[in-house]
Amino acid sequence: MRTKTLLLTAVLSAAGLVSSLTSAQGAVYSVNAVGYVNKTIPVGFSMIANPLDTSSNTLTNLIPNPPIFANFYKWTGSGFDIATFTFSGWDKPNITLNPGEGGFINTDTAFTNTFVGEVKQGDLVNPIPQGFSIRASQVPQAGTLDQLGLTNLNTFDNLYKWTGSTYQIYTLTFAGWDPSTPSIDIGESVFINAGTATSWNRTFSVNQ
């Protein structure tokens with residue numbers, strides 16, 4: 001399947017975060033933050049990203065009950081590793097979808113998938129290789145690339161975002177992003193074409 005035939009979309013229907021608190025001698029402080037994201041998966045091809053971290057970021061754990069014969073596509077750098085959901089479950093259950101990665105799902109029936117896990121915090125590094133890759137924010141936030149910390153791309157790098165009917169292509173120029181600075185939704189991922197390897201770095205805390 002050619003990349004240009006894939007339809008990319010990500011729709012967030014609800015998101016929630018619950019802080020886990022621990023008390024020590026009267027002081028209450030945040031230890032971690034866990035929550036859920038309900039993500040509506042439409043009919044056809046769409047892009048998904050895992051916005052929360054779990055102890056097992058595998059298909060069988062993250063997307064346990066998609067419609068029968070749904071397919072998941074993970075970009076390898078030169079093609080797709082494809083998994084199919086059958087009556088026995090995913091035929092490649094150990095394909096991973098870690099926070100910061102992205103993939104495509106194809107389904108004949110719309111459904112809602114609930115991601116449950118912990119919000120990643122601290123100094124986060126998401127490697128971006130040379131050439132095409134699929135990347136997403138490692139934390140469940142929406143915003144512009146600048147707001148989400150994707151500031152290490154180089155001049156003439158490209159970002160490809162699906163608008164619902166075609167790709168909106170953004171190019172980083174000497175004057176900034178053309179035609180405008182891209183925004184990414186919670187659970188949405190995008191194609192990046194980088195001239196040289198770099199990384200998506202961000203320091204994040206739910207207490208900010």
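Residues are numbered from 1 along each chain as its sequence is written, and side-chain values use heavy atoms, with hydrogens and water left out. Because the model is predicted, local features need pLDDT of at least 70 and side-chain atom pairs count only at pLDDT 80 or more, whereas totals for chains, interfaces and linings use all residues.

The mean pLDDT of the protein is 85, and 84% of the residues score at least 70; pLDDT is the predictor's confidence in each residue, from 0 to 100. Helices (H or I, at least four residues) and strands (E, at least two) are DSSP runs, numbered from the N terminus. Over residues 1–30 the pLDDT is below 50, and this stretch has 75 contacts in the model beyond near neighbours in sequence, a contact being heavy atoms within 4.5 Å.

The largest nonpolar core holds 22 residues, of which Ile48, Leu59, Ile63, Phe72, Trp90 and Ile105 touch the most other members. Such a core is a set of buried Ala, Val, Leu, Ile, Met, Phe, Trp, Tyr and Cys residues joined through side-chain atoms within 4.5 Å. Buried denotes under 20% relative accessible area, exposed over 50%, and partly exposed in between (1.4 Å probe, protein chains only). Two or more residues of this core come from each of strand S2 (27–41), helix H1 (59–62), S5 and strand S8 (111–118), with S2 giving the most, three residues. Not counting residues up to four places away in sequence, Ile63 touches Ile48, Trp90, Ile105, Phe111 and Asn113. A second, separate core of 14 residues includes Leu145, Leu150, Leu172 and Ile184.

Strand S9 (residues 122–128) and S17 run antiparallel and are joined by seven bridges; two strands pair if DSSP finds at least two bridges between them. Within this pairing, Pro127 stands opposite Ser199 in S17. Strand S17 (residues 198–204) is largely enclosed by the rest of the structure, because five of its seven residues are buried.

Gln141 is located in the loop between strand S10 (131–136) and strand S11 (143–144) and is partly exposed, at 30% relative accessible area. Leaving aside neighbours within four places in sequence, Gln141 contacts Leu148, Ile184, Asp185, Ile186, Arg202 and Phe204. The side chains of Gln141 and Arg202 make a polar contact at 2.5 Å (a pair of N or O atoms within 3.5 Å; within protein, one must be able to donate a hydrogen and the other to accept it, and residues adjacent in sequence count only if both atoms are side-chain atoms).

Three salt bridges were counted, each defined as a side-chain nitrogen of Lys or Arg within 4 Å of a carboxyl oxygen of Asp or Glu. Glu101 and Lys74 meet at 3.2 Å, N to O; Glu101 lies in the loop between strand S6 (89–90) and strand S7 (103–107) and Lys74 in strand S4 (residues 71–75), so the pair ties together parts 27 residues apart in sequence. Both Glu101 and Lys74 are buried. In the salt bridge of Asp81 with Lys92, the closest N and O atoms are 2.8 Å apart. Asp81 is partly exposed at 29% relative accessibility, and Lys92 is partly exposed at 35%. Glu188 forms a salt bridge with Lys161, the closest N and O atoms being 2.8 Å apart; Glu188 is buried at 7% relative accessibility and Lys161 is buried at 15%.
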